[in-house]
Amino acid sequence: MIYAVAVFAPLVGSVISGLFGRAIGDRAAELTSILCMVLAAVCGAVAFADLVWGGATPGVVPIASWFDVGGFRAPWALRYDTLAAVMVAMVTLVSTLIHIYSVGYMAHDEYPTYRFFSYLSLFSFAMLMLVTADNLAQLFFGWEGVGLASYLLIGYWYDRPSACAAAIKAFVVNRIADLFFVIGIALTFFRFGSIELSTIFAAVPSHMSDSYVLFGHNYRSLEVIGVLLFIGAMGKSAQIGLHTWLPDAMEGPTPVSALIHAATMVTAGVFLMARMSPVMEAAPIAKEIVVVVGASTALFAATVGCTQNDIKRVIAYSTCSQLGYMFIAAGVGAYQVAIFHLITHAFFKALLFLGSGSVIHAMSGEQDMRKMGGLWRKIPYTYAVMWVGSLALAGLPIFAGYYSKDAILEAAFSAGSAAARYGFVCGVAAAFLTAFYSWRLLFMTFHGESRAEAHVLAHVHESPPVMTVPLGVLSLGAIFSGMGFRDLFIGSGWPHFWRGSIVNAAGNNVLEAMEKVPATIGTLPVVMGLLGIVLAYAMYIAMPLLPNILARTFRPVYLFLLNKWYFDELYDAIFVRPGFALARMLWQVADATIIDGVPNGVASLATESSAQAVKLQTGSIAVYAFTMLIGLVALLSIFLLLR
Amino acid sequence: MNAAGFPILSLITFLPLAGAAIMLLVRGDEATVAANARWSALWTSLIVLALSLILWWDFDPAQPGFQFVETVDWLPSLGVKYRMGVDGISILFVLLSTFLTPICILASWESVKTHVREYMLTFLVMETMMVGMFAATDFIIFYIFYEGVLIPMYLIIGVWGGPRRVYAAFKFFLFTLTGSVLMMLALLAMWYTAGTTDITELLHASFPAHMQYWLFLAFLASFAVKVPMWPVHTWLPDAHVEAPTAGSVILAGVLLKMGAYGFLRFSVPMLPQASAYFAPLIYALSVVAVIYTSLVALAQTDMKKLIAYSSVAHMGLVTIGIFSFNIEGITGALVQMLSHGVVSAALFLVVGVVYDRIHSREIARYGGLADRMPRYALVFMIFMLASSGLPGTSGFVGELLVAVGALRVNFWLALLSSTGMILGIAYMLYLYRRVIFGRLTKLDLRNIADLSPREVFVFAPLVVLTLWMGVYPSSFTRFFDASAGLLVESHRAALIAPEVRSRTASGVKLPAAARLAAIAKDESVHE
């Protein structure tokens, strides 16, 4: 079936290019994996179109048995519904574009590239398994699979210590969140007796009042499950507290950042919320937590993004911030809006990353914006697509982000709860900052005097067509995906489009209510965005000295932001270093001295007492005879006394 | 008599001894004897493996009881019989033993240069002991094999081991023997009370509760050392570090399973009340093992020690699974045992590969091997990930099932025991980074050779098995289903019956045991 081909073709590409890459050569490996991806993209698009316009019925494609132990059942199967099909179509399309782009980007790399393409395809496969999962175990398989691919790709340049460190950090931080995800899966099974999605969803109503004791309190099981799953989502989607791996992940090649750390993998957490919407809808407290965390992340990451100087890190924090928006939407119950923003974001953020990759490519690997400037004449095409991406990100009219970000803020505004209001305020503030840092990036990179070294500047060139064509396609997406998909995803026909793959609880009318918000609220994000652009213009074009003055005047604030709120330093001080110290202590003190002290002590006791015993053997017959005599007397007396 | 039509279990058990006898007959110069010993050991073990596959085909997983049963009078005056048989719990461990032995022999092909014949002979004797131990259904026979395993292992560490081999061999022997003596007392007590040594009958015998507590503690002393559970685990790192590669493979792959197998075969089914009573103690020790030894693994500078400590952590998960007394937990424990048997064995082989080339286990001695050894890097990666429980590998199946089983008992038990997920990936990635990644700067690593065809041949079945168990575990769990289900059911039934009884007539209390359990409960609260 077409759908299965879409999922498994990347695996085939990955295995062929990975195992035989050295034998068949880089070109052949690249071609194989791209062909498999193209096939997957075509199949993915057909499967999507079939479902939306072709009249195909949602269902499940069974593959094989996986877990079957007692009542614990989890088969390999592909879920075919709108939510999955949307994700499959997006993932395969973006992944294909990035595969093609990588041919140009990785051309000058010192390593053979078959490994890179194998990893990219492996990632795509895992991501597709994640989005098509029909049970939580398979979802977790994809979840960890994308984590593995992310690890491999962040650490792709394995001779760089910073890349290795970032790769490990990404995996370990994700695993911390995954721990809670696994417990969430276990608890789901404990409560529902199944981890298959349809069974869980069908059983939600009958478990509404189940309770679970934790910390000596009674909580509703569904709330506990919701929170556990959300903690899992926080790790993968880099939400505040568990976000520290994402900026470091920029150590990987830029196409990786575009595919994994912008368009697809990091959105897995949002997808999880949408996928589990029947459960989340029954967990109002968990939803409020989602909103608060998402809103805080949106604002926090945006503030940090304003001060970073590494072009990729700015975009990384921007991703973090946009993911926060998606969680706001999911948390207020507008999962459709979250997925809508997920899709538009995939286009414009991949575009921004690949555009910045094109800049880095042109600058011979330089990523520091302080060493750029004035590039727009030399790489006008890249300049243009970066504008498109930024306009879409800032949410200015007709561009994709305008429709989706607006919808999020409207949903937050109309939801009414205190958490939602907090989400709205943070979202509006973040919209301002988003526009500011986006144009700061544009101005610092492309405008003003060039600050690059002469030999780098002499080398600046526009990227080859293999890179610019994917940029063009993504630009189209960044412009039209908002306009084009708005009506389908969140327009009045949404129930027909989603066909129950996302569930809104009975009282949840966010999608209707957001149509009725006042016009001022609707235009607020645009106004904030324009203000941000104006401020960026003022600071980086009109008065280029202003940023330095501000940084000096508000030095503590500036340092606080520049150092990303000191999260890394904090974690290092309270987890990493004490952890290693404890590890050494347990090993060298507890294990080697205390525990082994007992057997070693017994052993030396035995040796010593035998040494003492040896002294008794004097060799003197008289002493022996005397000892025997005493012994005999003692024995006799005992015998007589006890008789 | 049995499904195969001939005494297949005895054949599998004792055929290695026949191979060993043939080896003894060979005469000639040293090189001839060595070559001859290698080939006859390999062929013997391969034939045994082929025979044991018959078990795989002919075993009926729907039957929970023992199959391929053999009974021969042995000591008629005492009622002791030679009884063999396998059920769903033991069959795969017989297969694991017969599967790992040829791999060990292949892995020692070039690395063992002294006393080759004696080495190969010892391995075949060990195979007999291992298979016999898992196939015995009379506990006298079981005990003989159980203790017998110690001797070849002791010799392998003590004769073919590293510089501190004598210390390690003694430590290994003393730790495990101390526990075993207590187990023997328990066995004698059970024999005296129940009047039989037949395990199948003992499974249905019920011992008075106060007796169960003492029996349980005696068994615990023996099995805990073998597993090994914290805090009697310290013999393991030393034994692994000094043992030759193949010795570590068998030690990690099969010998560590003996303790857990003992829990499943004796403690849980025969002493249900005591098992339930002491379960909190086991939980506490296991959780400590998971966290403690994972942390210790993080600090290691010796590759083998690191993997040895990780073994203790993984076995902690096994004991939690067993003592969760539910089908998910017990199946998870069994899968985890199998998975660990394959994966940790493979990891020791992985270390052995570079040890054979550079003769160092120091992590700092390596770095940047990915450049020169891409195939090796891939194999290492697969087992590293399997060890840390990545879905799609065997490690995940056991880990998830144990988490599910543990959650049925207690939320914190599940959460704390799963912290191994985090620490496990941390120490493995850290190890991998230091050995495989980075820039290749050390001069003698420049010309290090990638896996030879022989080594690929050694690793290939292990890789296949790891992925097979990860992607399609049903092939393995189908064996467990009936037997583990029966175990859970009879455990539950046994607990319900005496509870009613003890309410009417108050049972004898054991102050010491009660205190211990109270401490255990206390600990689990504090964590």
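1. Start with helix H2 of chain A, residues 26–52, which gives the most to a nonpolar surface patch, with three residues. Keep in mind throughout that this is a predicted model. The patch is made up of Met1(A), Ile2(A), Val38(A), Val42(A) and Val46(A). Together these residues have about 410 Å² of accessible area.

2. Val38(A) has a relative accessibility of 33%, so it goes down as partly exposed; the exposed class begins over 50%.

3. Arg27(A) and Glu30(A) both belong to helix H2 of chain A and are three residues apart, about one turn of the helix. Their side chains meet in a salt bridge, at 2.4 Å from N to O. Are the two partners buried or exposed? Arg27(A) is exposed, at 58% relative accessible area, whereas Glu30(A) is buried, at 6%.

4. Next, a salt bridge between Arg313(A) and Asp248(A), with an N to O distance of 3.6 Å. This pair ties together distant parts of the chain: Arg313(A) is in helix H14 (residues 311–331) of chain A and Asp248(A) is in helix H9 (residues 245–248) of chain A, 65 residues apart. Arg313(A) is buried, with 16% relative accessible area. Asp248(A) also counts as buried, at 16% relative accessibility. The cut-off for buried is under 20%.

5. Over in chain B, have a look at Asp238(B) and Lys171(B), which form a salt bridge whose closest N and O atoms are 2.6 Å apart. Here again the pair links distant parts of the chain, with Asp238(B) in helix H10 (residues 235–242) of chain B and Lys171(B) in helix H7 (residues 165–194) of chain B, 67 residues apart.

6. Arg79(A), Asp81(A), Asp134(A) and Arg275(A) are linked in a network of them. How many salt bridges are there over all chains? The count comes to 29.

7. On to helix packing. Helix H4 (residues 114–132) and helix H5 (residues 136–154), both of chain A, pack with their axes 7 Å apart and an angle of about 160 degrees. That angle is over 145 degrees, so H4(A) is roughly antiparallel to H5(A). The crossing of H4(A) and H5(A) is left-handed.

8. Another pair to check is helix H17 (residues 400–415) and helix H18 (residues 418–446) of chain A, which pack at about 155 degrees with axes 7 Å apart. H17(A) and H18(A) are therefore roughly antiparallel to each other. Their crossing is left-handed.

9. Finally, some overall numbers for chain A. How many helices and strands does chain A have? There are 28 helices and four strands. The C-alpha atoms of chain A fill a box of roughly 115 × 65 × 60 Å along the principal axes. Of the 643 residues of chain A, 60% count as buried.

Terms used
Residues numbered from 1 in each chain as written. Chains lettered and ligands numbered in written order. Predicted model: local features only at pLDDT ≥ 70, side-chain atom pairs only at ≥ 80, totals over all residues. Heavy atoms only, no water. Patch = residues over 30% accessible without salt bridge, like charges linked within 9 Å, V, L, I, M, F, W, Y side chains within 5 Å. Areas by Shrake-Rupley, 256 points an atom, 1.4 Å probe, with all protein chains shown as cover. Salt bridge = Lys/Arg side-chain N within 4 Å of Asp/Glu carboxyl O. Helix = DSSP H or I, 4+ residues; strand = E, 2+ residues; numbered from the N terminus. Buried < 20%, exposed > 50% of the residue type's maximum accessible area, 1.4 Å probe, protein only. Axes fitted to C-alpha atoms, helices over the stretch in contact; angles between N-to-C directions. Parallel < 35°, antiparallel > 145°, perpendicular 65-115°, else oblique. Left-handed = near helix turned anticlockwise from the far one by under 90°.
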